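This report describes a protein for a reader who meets it here for the first time. Please look at the sequence and the structure before reading on.

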Amino acid sequence: MACLQAINLGLNFRLKAIKIEGDSRSVIRKLQAKEEDRSEIEVYIKDSKQLNLGFGYCVFRFTHKESNKVAHILATEGIKKRETTYQMNMVPSVAEEAVDADRR
């Protein structure tokens, strides 16, 4: 689950505040909800909610897929290359092109 990975990355970087955006409205709603989740992804939701307590500020927001192109490209490239690491100080050219397109 991408939100869980984002939370772990923020914790590893020792961030104090984090805003996580996702394009799955149902997952974001579950992460925002106060009540306990009883769905198939219950364990991921519980883990995410527990881990986000490590931040002074953590918010989950829904974003449309069109606004999430760069994240999708990075995830797709990682899957193609079978990588589970985060790229530091380096952005793949396909992601740079997507950022440039978003700016236009």
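The account below moves from the overall fold to the helices, the salt bridges and selected single residues.

**Basis of the description**

This is a predicted model, in which local features need pLDDT of at least 70 and side-chain atom pairs count only at pLDDT 80 or more, while totals for chains, interfaces and linings use all residues. Residues are numbered from 1 along each chain as its sequence is written, and side-chain values use heavy atoms, with hydrogens and water left out.

**Overall fold**

The protein has five helices and two strands. Helices (H or I, at least four residues) and strands (E, at least two) are DSSP runs, numbered from the N terminus. Along the sequence, these elements follow the pattern α-β-α-α-β-α-α.

Of the 104 residues in the protein, 24% are buried. A residue is called buried under 20% relative accessible area, exposed over 50%, and partly exposed in between (1.4 Å probe, protein chains only). The protein exposes about 7,900 Å², and carbon and sulfur atoms supply 51% of this area. Accessible areas come from the Shrake-Rupley method with a 1.4 Å probe; for residues, only the protein chains shown count as cover.

Among the contacts with a separation of 6 or more, 69% are between residues 24 or more positions apart. Contact here means heavy atoms within 4.5 Å.

**Helices 1 and 2**

In helix 1 (2–12), the residues C3, L4, I7 and G10 are buried. Seen down the axis of helix 1, these buried residues fall within an arc of 125°, so they line one face of the helix. The arc is that of the directions from the helix axis to the C-beta atoms. A2 and N12 are exposed on the other side of helix 1. The buried residues of helix 1 pack against strand 1, helix 2, helix 3 and strand 2. Just after helix 1, R14 takes a positive phi of about 55°.

In helix 2, the buried residues are V27, I28 and L31. They cover an arc of only 100° around the axis, which puts them on the same side of helix 2. The partners against which the buried residues of helix 2 pack are helix 1, strand 1 (17–22), helix 3 and strand 2.

**Salt bridges**

The structure holds six salt bridges. A salt bridge is a side-chain nitrogen of Lys or Arg within 4 Å of a carboxyl oxygen of Asp or Glu.

| Pair | N to O distance |
|---|---|
| E36 and R38 | 3.2 Å |
| E42 and R38 | 3.3 Å |
| K46 and E36 | 3.4 Å |

The pair of K46 and E36 links distant parts of the chain, 10 residues apart: K46 belongs to helix 3 (residues 42–51), and E36 to the loop between helix 2 (25–32) and helix 3. R38 is exposed, with a relative accessible area of 65%.

Y57 is found in strand 2 and is partly exposed, with a relative accessible area of 44%. Y57 and A17 are 40 residues apart in sequence, yet their C-alpha atoms are 4.5 Å apart in space. Apart from its neighbours within four places in sequence, Y57 is in contact with K16, A17 and I18.

R25 lies over the face of F62, at 3.9 Å from the ring centre. A charge sits over a ring if NZ of Lys or CZ of Arg is within 6 Å of the ring centre and within 35 degrees of the ring normal.

T63 lies in the loop between strand 2 (57–62) and helix 4 (69–80). T63 is buried, with a relative accessible area of 10%. When its neighbours within four places in sequence are left aside, T63 is in contact with E21, G22, D23 and N68.
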